[in-house]
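Here is my note on the structure you asked about. Keep the sequence and the 3D view open as you read.

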Amino acid sequence: MKLVIAIVNKEDSSALVQKLNKSGFMSTKLSTTGGFLRAGNVTLLIGAADERVDEIIGIITDCCSKHTQIINSASVLNAEQYFTSLPVEVTVGGATVFVVDVEKFLKV
């Protein structure tokens with residue numbers, strides 16, 4: 001048994017959960033915030049048999065695409081600590097996936 005932990009963009013999460021459910025996977029959805037952009041993410045906890053992990057990763061790959069976004073970032077102009085906001089292009093979306101062994105699984 002495996003636990004798949006998938007951190008995905010908030011906008012991709014609804015379609016992902018629906019597709020996982022249609023494929024017979026149950027998940028627990030946690031609202032999380034990313035440290036870099038401080039943007040809304042969703043962390044999904046998905047329990048699965050070892051042989052179905054690749055299927056889950058395939059579904060995540062289909063639903064969570066990377067794209068670029070322009071954000072404003074504060075940068076220091078000089079030693080006197082003047083700040084300005086400069087546009088920066090960053091890659092957002094996609095997914096970060098962890099697969100860990102489950103020693104024991106109980107549904108009570």
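1. **Layout.** This is a predicted model. The protein chain has two helices and six strands. Read from the N terminus, the order is β-α-β-β-α-β-β-β.

2. The chain has 108 residues, and 25% of them count as buried.

3. **The core.** The largest nonpolar core holds 17 residues. Those with the most contacts inside it are L16, L20, F25, L44, I46, I56 and I60. Two or more residues come from each of β1, α1, β3 and α2. Helix α2 gives the most, with five residues.

4. What does L20 touch, leaving out residues up to four places away in sequence? Its partners are F25, L44, I46, I56 and I59.

5. **Helix α1.** This helix spans residues 10-22. Its buried residues are D12, S13, L16, V17 and L20. An α-helix has 3.6 residues a turn, so residues three or four places apart point the same way. Keep that in mind when you view the buried set, which packs against β1 (2-9), β2 (27-33), β3 (40-48) and α2 (53-63).

6. **The ends of α1.** At the start, a side-chain oxygen of N9 comes to within 3.0 Å of the backbone nitrogen of E11. After the helix comes G24, which has a positive phi, near 90°.

7. **Salt bridge across the chain.** The structure has three salt bridges. One joins the side chains of K2 and D101, at 2.2 Å from N to O. K2 sits in strand β1 and D101 in strand β6 (residues 95-101), so this pair links distant parts of the chain, 99 residues apart. D101 is exposed, at 62% relative accessibility.

8. **Salt bridge between helices.** The side chains of D62 and K19 meet at 3.5 Å, N to O. D62 is in α2 and K19 in α1, so the pair ties together parts 43 residues apart in sequence. D62 counts as exposed because its relative accessibility is 57%, and the cut-off for exposed is over 50%. K19, at 35%, is partly exposed.

9. **The remaining pair.** E55 and R52 also form a salt bridge through their side chains, at 3.1 Å from N to O. E55 is partly exposed, with a relative accessible area of 35%. R52 is partly exposed too, at 29%.

Methods
Residues numbered from 1 in each chain as written. Predicted model: local features only at pLDDT ≥ 70, side-chain atom pairs only at ≥ 80, totals over all residues. Heavy atoms only, no water. Buried < 20%, exposed > 50% of the residue type's maximum accessible area, 1.4 Å probe, protein only. Helix = DSSP H or I, 4+ residues; strand = E, 2+ residues; numbered from the N terminus. Contact = heavy atoms within 4.5 Å. Polar contact = N/O pair within 3.5 Å; in protein donor to acceptor, adjacent residues only side chain to side chain. Core = buried A, V, L, I, M, F, W, Y, C linked by side-chain atoms within 4.5 Å. Salt bridge = Lys/Arg side-chain N within 4 Å of Asp/Glu carboxyl O.
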